[in-house]
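Biologist: I would like to learn how to read a model like this one. Please take the features one at a time.

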Amino acid sequence: MDASTLLAAQRIVPVVVIEDAATAVPTAQALLAGGLSAIEVTLRSAAAIAAIRAIAQDVPDMLVGAGSVRGAQALTQVRDAGARFAVSPGHSAALLEAAAAQSFPLVPGSATPSEAMTLMDAGYTLQKLFPAEIVGGTAWLRAIAGPLPALRFFPTGGIRLPQVADYLAQPNVACIGGTWLTPSDSTPAEITQRAKDALAQVPNRN
């Protein structure tokens with residue numbers, strides 16, 4: 001199953017930095033309680049692999065993925081830890097080759113039409129847009145929809161609650177992500193409430 005199919009039911013995928021693996025399961029459970037059933041644990045901390053493993057083992061209803069995956073070795077590590085998909089801020093030949101060799105669902109990143117076309121030629125119709133707000137946000141997405149109508153995007157980077165509805169209203173946006181849902185000082189109850197607040201902004205699909 002490719003990432004586009006795997007994430008088809010998701011509209012918001014929290015991007016989570018786990019500094020202490022002991023907080024991974026409570027964080028995932030809090031997001032589930034708020035109605036979000038996918039999580040992207042970024043490889044920005046030493047605890048990330050252990051966090052992915054804990055969520056995969058102890059929160060089976062949560063679709064756990066890995067973010068900030070930049071190379072073949074990292075892809076193998078997150079797969080072995082139990083991640084079901086990977087997200088990258090960009091892409092390289094080595095990363096795409098590893099994902100193909102492992103038949104592992106990957107959302108590679110693009111931020112220009114040329115990068116998007118290169119990935120489309122490689123078979124990736126779902127791509128990460130990063131850093132979304134800096135490269136043009138919803139204006140970029142509207143502009144690229146005309147010449148590249150087959151592509152769908154997973155924007156992250158600078159998105160906050162006030163932008164949720166606008167991003168998800170774009171026909172070429174499959175889902176969005178962001179770290180605003182799980183600040184490091186959050187309690188589980190606060191995470192659950194943020195998840196509910198975010199879901200309340202999701203436009204109905206026609």
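Biologist: In strand 8, which residue is the bridge partner of Q127?

Modeller: The bridge partner of Q127 in strand 8 is F153. Before going on, note that this is a predicted model, in which local features need pLDDT of at least 70 and side-chain atom pairs count only at pLDDT 80 or more, while totals for chains, interfaces and linings use all residues. Residues are numbered from 1 along each chain as its sequence is written, and side-chain values use heavy atoms, with hydrogens and water left out.

Biologist: How many bridges join strand 7 to strand 8, and what counts as pairing?

Modeller: Two strands pair if DSSP finds at least two bridges between them. Strands (E, at least two residues) and helices (H or I, at least four) are DSSP runs, numbered from the N terminus. Here four bridges join strand 7 (residues 126-129) to strand 8, and the two run parallel. Strand 6 and strand 7 also pair in the parallel sense, over two bridges, and S110 has L129 in strand 7 as its bridge partner.

Biologist: What is the order of the strands in that open sheet of three?

Modeller: The order is 6-7-8, with parallel pairing. Strand 6 (109-110) and strand 8 (152-155) are the edge strands, each pairing on one side only. Helix 8 (residues 137-145) packs on this sheet and touches strand 7 and strand 8. Contact means heavy atoms within 4.5 Å. The direction of helix 8 makes about 170° with that of strand 8; axes are lines fitted to C-alpha atoms, for helices over the stretch in contact, and angles run from 0 to 180 degrees between N-to-C directions.

Biologist: Are the residues of strand 3 buried or exposed?

Modeller: Buried means under 20% relative accessible area, exposed over 50%, and partly exposed in between, with a 1.4 Å probe and protein chains only. Five of the five residues of strand 3 are buried, so strand 3 is largely enclosed by the rest of the structure. L63, G65 and G67 point one way and V64 and A66 the other way.

Biologist: Which residues of the largest nonpolar core touch the most other members?

Modeller: In soluble globular proteins, nonpolar side chains tend to be buried together. A nonpolar core is a set of buried Ala, Val, Leu, Ile, Met, Phe, Trp, Tyr and Cys residues joined through side-chain atoms within 4.5 Å. The largest one has 57 residues, of which I12, V41, I52, I55, V69 and I176 touch the most other members. Apart from it lies another core, of 13 residues, among them A3, L63, V87 and V107.

Biologist: Which residues of helix 5 are buried, and which are exposed?

Modeller: In helix 5 (residues 93-102), L95, L96, A98 and A99 are buried. They lie on the same side of helix 5 because they cover an arc of only 160° around the axis, the arc being that of the directions from the helix axis to the C-beta atoms. On the other side, A93, E97, A100 and A101 are exposed. The buried residues pack against helix 4 (72-81), strand 5 and helix 6 (113-121).

Biologist: At what angle do the axes of helix 2 and helix 10 cross?

Modeller: Two packed helices are described by the angle between their axes and the distance between the axes. The axes of helix 2 (residues 24-33) and helix 10 (residues 188-199) cross at roughly 40° and come within 7 Å. T27, A30, L31 and A33 in helix 2 meet P188, I191, T192, A195 and K196 in helix 10.

Biologist: Where is S68, and what is its phi?

Modeller: Most residues other than glycine have a negative phi, and most peptide bonds are trans. S68, in the loop between strand 3 and helix 4, has a positive phi, near 60°. S68 counts as buried, at 15% relative accessibility. S103, in the loop between helix 5 and strand 5, also has a positive phi, near 50°, but S103 is exposed, with a relative accessible area of 63%.

Biologist: Which residues does the cis peptide bond join?

Modeller: The cis bond joins F130 and P131, with omega about -10°. P131 is in the loop between strand 7 and helix 7 (132-135).
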